[in-house]
Amino acid sequence: MVVKTRSERHKKNIDPRKSPLKNMVPLVGIAMVGAPTVISLAPSTVYANEDGVANAQSLINQIGTAASEIANQNDLYASVMIAQALLESGNGSSVLSSAPYYNLFGVKAYNGGATVWLPTQEYLNGQWVTMTEPFRQYNSYYESLVDHANVLLASSSVTGQARYAGAWKSQTTSYYDATAYLTGRYATDPNYNQKLNSLIQRYNLTQYDTPSYYTQTTTTTTTTTTTTYQATATYTVAQGDTLWGIAQKFGVSVDQLVAQNNISGELIVVGQQLSI
């Protein structure tokens, strides 16, 4: 039996009206259970083609700053977090990671909240089994990143011990230790750490591990001039948007967008409402 990669299966069109379950959409790929609340949906190989690189860089541009902020506030490696997002979501091309679900890490839903039911494959008792599982649904990538950090910090309900403490900055000497610890725990793929390390090195993701990364755009001013802007429209941030691009589209300055929307560190997330 040939098992297709996650990216290949995502290209298959399925009519959701034929689904027996409400809110079910096709999820494709190989699932590996690493913890009761997490399912890994990594493809068997790391993307190396031009389209894959372009998609990867696009996702990095969208979540890099937010991941840096969230990871550094929670004793985690932003580089590992971003690499996991790339690997688990097929560089942001999977159904689950796309709108309106925004689930970058394949986190399952066991405790209520917005849920989407998806068919997926899991390796159980020595064979691949297709199962329909509940997955968490988010309003934005930012929410997905925050929840992923919570998963990595959570304690086991059975032992009371932190399940992924070996992946924390304070418990490791480098991201290599973190990715090695996640292998066999977060995902059963024996090459999980190698895939993450490859992505971190390829896209220079360690730059996001610097605590000052998400605040480096802050400037000091000695002027007392205050400028007030009057909003005339609203805009919903879409995938791939940048502050500069939105400013160009509406003929305003980036400074105006930042001031008018109280944006910190020039960080915007998909689904955010901006006053123009």
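## Aromatic rings and a helix pair

The charged end of Arg185 sits over the ring of Tyr181, at 3.9 Å from the ring's centre, where a charge counts as sitting over a ring if NZ of Lys or CZ of Arg is within 6 Å of the ring centre and within 35 degrees of the ring normal. This is a predicted model, in which local features need pLDDT of at least 70 and side-chain atom pairs count only at pLDDT 80 or more, while totals for chains, interfaces and linings use all residues. Residues are numbered from 1 along each chain as its sequence is written, and side-chain values use heavy atoms, with hydrogens and water left out.

The protein chain holds eight helices and six strands, which are DSSP runs numbered from the N terminus (helices: H or I, at least four residues; strands: E, at least two). Of its 276 residues, 46% count as buried, a word that stands for under 20% relative accessible area, with exposed meaning over 50% and partly exposed in between (1.4 Å probe, protein chains only).

Rings of Phe, Tyr and Trp (its six-membered ring) pair if their centres lie within 6.5 Å, and planes under 30 degrees apart count as stacked, over 60 as edge-to-face and the rest as tilted. By this rule there are four aromatic pairs, and the table describes two of them.

| Pair | Distance of centres | Angle of planes | Kind |
|---|---|---|---|
| Tyr102 and Tyr141 | 5.5 Å | 90 degrees | edge-to-face |
| Tyr175 and Tyr176 | 4.4 Å | 20 degrees | stacked |

Tyr102 lies in the loop between α3 and β3 (115–124), whereas Tyr141 belongs to helix α4 (residues 141–153), so that this pair links distant parts of the chain, 39 residues apart. Both Tyr102 and Tyr141 are buried. Tyr175 also counts as buried, at 10% relative accessibility, but Tyr176, at 42%, counts as partly exposed.

Among the buried residues of α6 are Tyr192, Asn193 and Ile200. After α6 comes Asn204, whose phi is positive, near 50 degrees.
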